[in-house]
Amino acid sequence: MNYQETLTYLYESAPLFQQVGKEAYKEGLANTYALDEHFGHPHTRFHTVHVAGTNGKGSCSHTIAAILQASGYRTGLYTSPHLVDFRERIRVDGKPVPEEYVVDFVEKHRHFFEPLHPSFFELTTAMAFAYFAEQKVDVAVVEVGLGGRLDCTNIIRPDLCVITNISFDHVQFLGDTLAKIASEKAGIIKTGVPVVIGETTPETRPVFLKKAEEMDAPIFFAEEERQLLDAGHDTDGAYLYQTVRYKNLRGELRGLCQEKNTNTILSAIRLLVKSGYRIGDADVRKGFAGVCELTGLAGRWQKLHDRPVVVCDTGHNVGGIAYIVEQLKLQKCKTLRIVMGMVNDKDVSGVLSMMPETARYYFTQASVKRALPAEKVRELAAAYGLEGEAYPSVEAAYQSALDQSEADDFIFVGGSSFIVADLLSLNK
């Protein structure tokens, strides 16, 4: 098989959650332990940092990895979902896993894993850990796929755990209250391993405190540490942070959510240094200023075009959209145009109720089975005073928005990671 044939095989034999949703979800770690045994426990051959949370874990994972790379550590990075190419999920020093490795991995080991019927994520996690071990990484930043307690990344014993925040997402798997969701994500807390909590609510804080006490794990709340003192912008629009340790720390990632993420990251870096990591001030500055180039991160308030300005963002739930809506209010433009679609297992009504009524909408659907039909999104949006037309593809919706725009308009593309993925694929 070549690379594309291998991906087709993986998607068809181990259904991809981002494509089909709950049918691809497998609860429990039995397959994970079996795969780990088969590959010789590769995760024990490198250090790890484990990152969970509802929103922000991708930005935090990539930035921590960028800082570790800048510090001279050979750094693995495992994240999900991918936007354009499967290989984005598994990186070493920012470089995606080679196509040849993916092909060889499947051909060499399919005789073992096929009888297990693993999920796509179980198989991908095994591939990532095996690749990191083969590449002799010093440390890998590992992003949780879904939840924490039963996530197949949870076999690692990290040097540090990070839980960014808790809001409503994947409630059919994680629970219908913030406390229940927090309990699942707190499942990554390990005996004696420090944990940073980025944000809390009255419902989630007691959950984290109780779990940390049970595991005798030192717990640190980034909100209380307040490493970030102030946030402004330079002439290019990039963040300039004033922190307890760093003056004018330039942050490449944009969007209001990055202020919370930055405070969490700074607390995490402080603890890594305390535990013996050699991370200098210049390394932190390099990581924050160059995270996209160093790690390949995309889709976080990413500017794609000028006149009209086009920005995309992968925020896809109520917690993430809240920041995006506030950001949209700050844009000075003649007409705000929003290309938007969602998937069928999200709180669609909750998101639509937050969106600005003054915008012109281009409702669409991503090229995944979970996508809510564009016409259905349009119908639901009408109940909240959101007006626009429905389009059968992201390309059609985006092109229509461009065609109707004037130079001083602003186009936002989002509502789902998969809408952004389809958009970015247009320019692949």
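Q: What order do the strands of the eight-strand sheet come in, and how do they pair?
A: In this predicted model, the eight strands form an open sheet ordered E4-E3-E2-E5-E1-E6-E7-E8, and the pairing is mixed.

Q: Which strands stand at the edges there?
A: Strand E4 (95–96) and strand E8 (219–221) do. Each has a single partner strand, so one side of each has no neighbour in the sheet.

Q: How many bridges join E7 to E8?
A: Three bridges, with E7 (residues 195–197) and E8 running parallel. Val196 sits opposite Phe220 of E8.

Q: OK, helices now. Which strands does H4 lie across?
A: H4 lies across E1 (47–52), E2 (75–78) and E5 (139–143), and runs at about 175° to E5.

Q: Buried or exposed?
A: Gln69 counts as buried, because its relative accessibility is 15% and the cut-off for buried is under 20%.

Q: And what is Gln69 in contact with, leaving aside its neighbours within four places in sequence?
A: Thr75, Asp93, Gly94, Leu294 and Thr295.

Q: Back to H4 as a whole. At what angle does H4 cross H11?
A: Roughly 45°, with the axes of H4 and H11 (residues 257–274) coming within 10 Å. That angle is why the two helices count as oblique to each other. The crossing is right-handed.

Q: Which residues make that contact?
A: From H4, Ser59, Cys60, Thr63, Ile64 and Ile67. H11 brings in Gln258, Asn261, Thr264, Ile265, Ala268, Ile269 and Leu272.

Q: How do they divide into nonpolar, polar and charged?
A: The H4 contact with H11 has seven nonpolar residues, five polar and no charged ones.

Q: Switching topic: what's the order in the three-strand sheet?
A: The order is E9-E10-E11, in an open sheet with antiparallel pairing. Strand E9 (228–233) and strand E11 (249–251) are the edge strands, each pairing on one side only.

Q: By how much are neighbouring strands turned against each other?
A: On average by 30° in this sheet, ignoring direction.

Q: How many bridges do E10 and E11 pair over?
A: Three, in the antiparallel sense, with E10 spanning residues 239–243. Leu240 stands opposite Arg250 of E11.

Q: And which strands does H11 touch when it packs on the sheet?
A: H11 touches E9, E10 and E11, and its direction makes about 45° with that of E10.

Conventions: Residues are numbered from 1 along each chain as its sequence is written. This is a predicted model: local features need pLDDT of at least 70, side-chain atom pairs count only at pLDDT 80 or more; totals for chains, interfaces and linings use all residues. Side-chain values use heavy atoms; hydrogens and water are left out. Buried means under 20% relative accessible area, exposed over 50%, partly exposed in between (1.4 Å probe, protein chains only). Contact means heavy atoms within 4.5 Å. Axes are lines fitted to C-alpha atoms, for helices over the stretch in contact, and angles run from 0 to 180 degrees between N-to-C directions. Helices (H or I, at least four residues) and strands (E, at least two) are DSSP runs, numbered from the N terminus. Angles under 35 degrees count as roughly parallel, over 145 as roughly antiparallel, 65 to 115 as roughly perpendicular and the rest as oblique. A crossing is left-handed if the near helix is turned anticlockwise from the far one by less than a right angle, and right-handed if clockwise. Ala, Val, Leu, Ile, Met, Phe, Trp, Tyr, Cys and Pro count as nonpolar, Asp, Glu, Lys and Arg as charged, and the others, Gly among them, as polar. Two strands pair if DSSP finds at least two bridges between them.
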